[in-house]
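Let's take a walk through a protein together. Have a look at the picture first, then read on.

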Amino acid sequence: MLPRNVLFWSIVTALGGFLFGFDTAVISGAEKAIQQLWNLSAFEHGFTISIALIGTVIGAIFGGIPSDKLGRRQTLRGIAALYLVSAVGTALAPGWGLFMVCRFLGGLGVGASSVTAPLYISEISPAASRGKLVGLFQFNIVTGILVAYLSNYLLAGLGEHSWRLMLGVQAVPALAFLLLLFRVPESPRWLLLHGRLEEGRQVLARISPATVDADAAAILTSQADTAHHSESLWAAQYRTPVLLAVAFAFFNQVSGINAIIYYAPRIFEMTGLGQGAALLSSAGIGLVNFIFTLLGVNLIDRFGRRTLMLVGSVGLIATLGLVARAFYAQQFGGVLVPVLLFVYIAFFAFSQGAVIWVFISEIFPNAVRAKGQALGSSTHWVMATAIAFTFPYFAEKLGGGNTFAFFCAMMVLQLVFVWRFMPETKGTSLESAERVLVMH
């Protein structure tokens, strides 16, 4: 039976994921009005859209530092403050410069939350339900994206300043996130590893009263075992988790997921759909993403991370191959490509979408978990930025067939990677996973 307080702490922390999704998607409803208001050139307009992504990459690269130094909880409060300042600042910004600063701060929040929130949830979760609880973070990301699109749609007709409302409404969940974090304790693993033994044991007692002594002993033993190890993530003994995290984040993006989510209307128009139908199909992608992420999160602890990835990889190979074939043969026949892409999104959400933040948060030892999470997260965001920037160029130069064939080939490599190298972490304690994955 999952303790109610652990569920509450996980739900509160996963609000960072909701704000992550909302912040990422909300700009789509405001970008045209912003371009016209400040008379932005094509370069300035592109910079305005991408400034948050730049902040995200920086936030992901450095997000592990405050998590280690100040603690997970203090870092989460800082992230909530960044979201709040970004929402209020972009909504009220009198000029383009301040607007850009505030969007950048929001991006820092997104990047840092993708490091700290899964990290915190993995450290407070019982092993049997860790996948589902950390998966709440990804589920909240897709919920945030869906709510942002819906919010933009509802606010779009409220006059020339409706874009300010679209961006400003994020202040409500950001403030709720900040206030609720005052009811969340520090990670017991962080407390124990920083010598605050009594506080750490008190939090462990609230998670699992019957196993406090065993849990505290396992954490402190893992610290003693790794005391002779380097605290550098690049030390030889951490080679396996580092390679797993980088490969996992790399494959997440070369599936083409962000290209399809960011450019869905453009892809649908390439297949001959009208603009209205293309926009409607894009909203459908958001809904399918939501439903199948929920399914994946509910199955991840029952069937395991590896099983979901094997099933998802086969589905991604099949759907991307069929989309590439449709482009090569110019067989668009109305709804074929949209239906294939909906099925593709379902397989992605069920596998990579549900698994990535869970798996990366589980495979690093206590001593370097924040650094490892930052490595996996920053790899993900650097690749996301690269794919988003290059997709229109390659789609135009190489054509849809070759572009989707490349994504399909990458998913064949992912299937081999999962089959040969990905360990199963279902139901094991973080300390047990550490003993398997770290070379002593």
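**Charges, shape and core**

Let's start with the charged side chains: there are 27 positive and 20 negative ones in the protein, and the centres of these two sets sit 4 Å apart. Keep in mind that what you're looking at is a predicted model.

Now for the fold itself. The protein has 20 helices and zero strands. If you follow the C-alpha trace along its principal axes, the protein spans about 65 × 50 × 40 Å. How does that fit with the chain length? For 440 residues, a compact globule would have a radius of gyration near 22 Å, and the protein has 22 Å, so the two agree.

The contacts tell you how the chain comes together. Take the contacts between residues at least 6 apart in sequence: 83% of them join residues at least 24 apart.

Of the 440 residues, 58% are buried.

The largest nonpolar core has 117 residues, and Trp381 and Phe404 are the ones with the most contacts inside it. Which residues does Phe404 touch, if you leave aside its neighbours within four places in sequence? They are Ile260, Ile267, Leu320, Val323, Ala324, Phe327 and Leu341.

Definitions and conventions: Residues are numbered from 1 along each chain as its sequence is written. This is a predicted model: local features need pLDDT of at least 70, side-chain atom pairs count only at pLDDT 80 or more; totals for chains, interfaces and linings use all residues. Side-chain values use heavy atoms; hydrogens and water are left out. A nonpolar core is a set of buried Ala, Val, Leu, Ile, Met, Phe, Trp, Tyr and Cys residues joined through side-chain atoms within 4.5 Å. Buried means under 20% relative accessible area, exposed over 50%, partly exposed in between (1.4 Å probe, protein chains only). Contact means heavy atoms within 4.5 Å. Helices (H or I, at least four residues) and strands (E, at least two) are DSSP runs, numbered from the N terminus. The radius of gyration is taken over C-alpha atoms; the globule rule is 2.2 Å times the number of residues to the power 0.38. Lys and Arg count as positive and Asp and Glu as negative; His and the chain ends are not counted. The place of a charge is taken as NZ of Lys, CZ of Arg, CG of Asp or CD of Glu.
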